[in-house]
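Here is a friendly walk through one structure, from a single residue out to domains and cores. Have the view open as you read.

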Amino acid sequence: MNAPQALSRWAGPGSSRVPFWAYTDPALYQRELEKIFYGEHWCYVGLEVEIPKVGDYRLSHVGERQVIMVRDRVAPRERDTDPGIRVVENRCAHRGVRFCQQQHGNARSFVCPYHQWTYKLNGELAGLPFKDGVPATGEDGQPCVNGGMPEGFDLKQHGLTRLRVEVLHGLVFATFSDTVEPLRDYLGAEVMPWLDRIFQGRQLQLLGYNRQRIPGNWKLMMENIKDPYHPGLLHTWFVTFGLWRADQKSRMVMDAKGRHAVMISRRNEGGENRTVTQGVTSFKAGMQLNDARILDVVPEPWWTVPDPSRPGESITPTVTMITLFPSLIVQQQVNSLSTRHIVPRGEGEFDFVWTHFGFTEDTPEMTRRRLRQANLFGPAGFVSADDGEVIELSQDGFRQWGQGGETLCELGGTGTEMTEHMVTETLIRSMYAYWRQVMGE
Amino acid sequence: MLQLAVDRFNADYGAALDERRFEDWPGFFAEDGCYKVQARENFDRGLPLALLAFESQGMMKDRVYGITQTIYHAPYYTRHVVGPARVLGEQGDRVMAQASYAVFRTRPGDTSEVYNVGRYIDEFVRAPDGLKLASRTCVYDSEMVLNSLIYPI
């Protein structure tokens, strides 16, 4: 027998050269939806605090599929084990209608407007009009029944698609997969301490949303937050004010599969340091703020935690950027906190939804500080606006060249190891090593 | 007539931005004036987050430095079309007004597109040299920012 022919189009070894077709091929993108977003992965849906009361819901997405995150009734004896959060697909089981059109609201049940099929909050079909037909009188004058669903029609078999749901510290994740491992195992022991650090034991307070549509492949956003090379070069505010740059003590962490990551760093005083500012045109030696309240950084007690990789020592990062494959970024940049949700829309476009939050224990001053620092982030942010811009320009570059081109991600070599510095593209390489396995490329 | 004064103010404001005289922009505000660009969903639900939120002329000057010196972005022109103002009240030296706006974006070499649509919710203060904004909140309907928003609305 002949050996099976290799299906991979990925010509080079390893994952340090990413072919342009990985960003531009529509058929490949459809397979990504199936294997990644609808396959054995957990996708972020929203925050528990967005739906505080029974019946509260909001629309979200898993891949391109619109879903409803809703808080269901829970029997008292199940409250310890069931957080009551359900995620169901926004698609009627009857004729496929995307029936829910309010971005958020409160409902006792969901009703499709087309034929009034009615669903419980957990997605079970509660009932439908004329299921048992319409009573009438036959030509023979005897009572009869017109129409109705076939005998044996089982409501239980015709509910909404119900996703598996897990809630971690108020973050809601869902998956179409029956086989993916439990969420904490999926995220991995290396990443969990950094989620615990921000969220464990604290109630979130919702501050609001920002939404942007970015004309680039969804993976470029993941890469952007796995790339510690660019912030101190593209972002003037980071290099000038010492918020993020190559002379800082930092660490690149990833899970065992290399798909999730944490970029950890510690702010320094900024100003000139020739090893990282000489020749860097975005460094503005004379730059001063007219109103410094935007950078009124106040350290918070929870920033300091036992160092997960150095027993007996503690660590106090000022920034942790967490990428949870495939679609979530969790940001702590000094006092600014947000989740950023990637919603893909074809191979060349995605929506990027920012949800900013604080904690219920925050003083009014801390809330105001978080809101002021929000000027640095989001679609108009002093540092984040240019990320969306360069992603669009990257996609433009890939598109104009076509099949033969590839990106080069070899800062710090071609390996995929964790590092104690940020002069590396290791996290991008590790994500593509994993992506190659999943996609069979 | 007050409405005429507000309309003239809005025309001058839009022209300054469309003509890229960004350094003139903070001068439309009182020294401690507030400027916000906020998504309608946040405004309607009482959520405080805004796309941009400045609390002084100083913060606005820092934004002007950002858009001219530090934020990397593909260049574009804006065109503000501001509807007639509705003057909604007067209290002492304060004037409350609102106006609908549409801002179009044109990138060099590209077609024009609807960029940001919403309304100004304004509080003016009467100053010796005319009206100044004590606060302007741009509440935008557009559910998605087209990639980034660099220049003021």
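## A buried histidine and other backbone features

His169(A) is buried, with a relative accessible area of 18%; buried means under 20% relative accessible area, exposed over 50% and partly exposed in between, with a 1.4 Å probe and protein chains only. Please keep in mind that this is a predicted model, in which local features need pLDDT of at least 70, side-chain atom pairs count only at pLDDT 80 or more, and totals for chains, interfaces and linings use all residues. Residues are numbered from 1 along each chain as its sequence is written, chains are lettered from A and ligands numbered from 1 in the order in which they are written, and side-chain values use heavy atoms, leaving out hydrogens and water.

Most residues other than glycine have a negative phi, and most peptide bonds are trans. The table lists backbone angles that stand out here.

| Site | Angle |
|---|---|
| Gln116(A) | positive phi of about 60° |
| His169(A) | positive phi of about 50° |
| Gly402(A) | positive phi of about 95° |
| Phe325(A) to Pro326(A) | cis, omega near 5° |

His169(A) is found in the loop between β12 (164–168) and β13 (171–175) of chain A. Pro326(A) lies in the loop between β19 (319–324) and β20 (328–333) of chain A. Helices (H or I, at least four residues) and strands (E, at least two) are DSSP runs, numbered from the N terminus.

## Cores

Which residues touch the most other members of the largest nonpolar core? Among its 142 residues, they are Leu195(A), Trp237(A), Tyr13(B) and Tyr35(B). Such a core is a set of buried Ala, Val, Leu, Ile, Met, Phe, Trp, Tyr and Cys residues joined through side-chain atoms within 4.5 Å. Its largest share, eight residues, comes from helix α11 (residues 426–439) of chain A. Leaving aside residues up to four places away in sequence, Leu195(A) touches, among others, His169(A), Ile322(A) and Val330(A); contact means heavy atoms within 4.5 Å.

## Two domains

Chain A is assigned domain 1 (43–164) and domain 2 (188–439), with bounds from an automatic or database domain assignment. Their centres, taken over C-alpha atoms, are 38 Å apart. The contact takes twelve residues from domain 1 of chain A and 15 residues from domain 2 of chain A.

About 1100 Å² is buried between these domains, 65% of it from carbon and sulfur atoms; buried area is the accessible area (1.4 Å probe) that two parts lose on being put together, summed over both. On the domain 1 side, Tyr44(A), Leu47(A) and Val49(A) lose the most area to domain 2 of chain A, together 48% of what that side buries.
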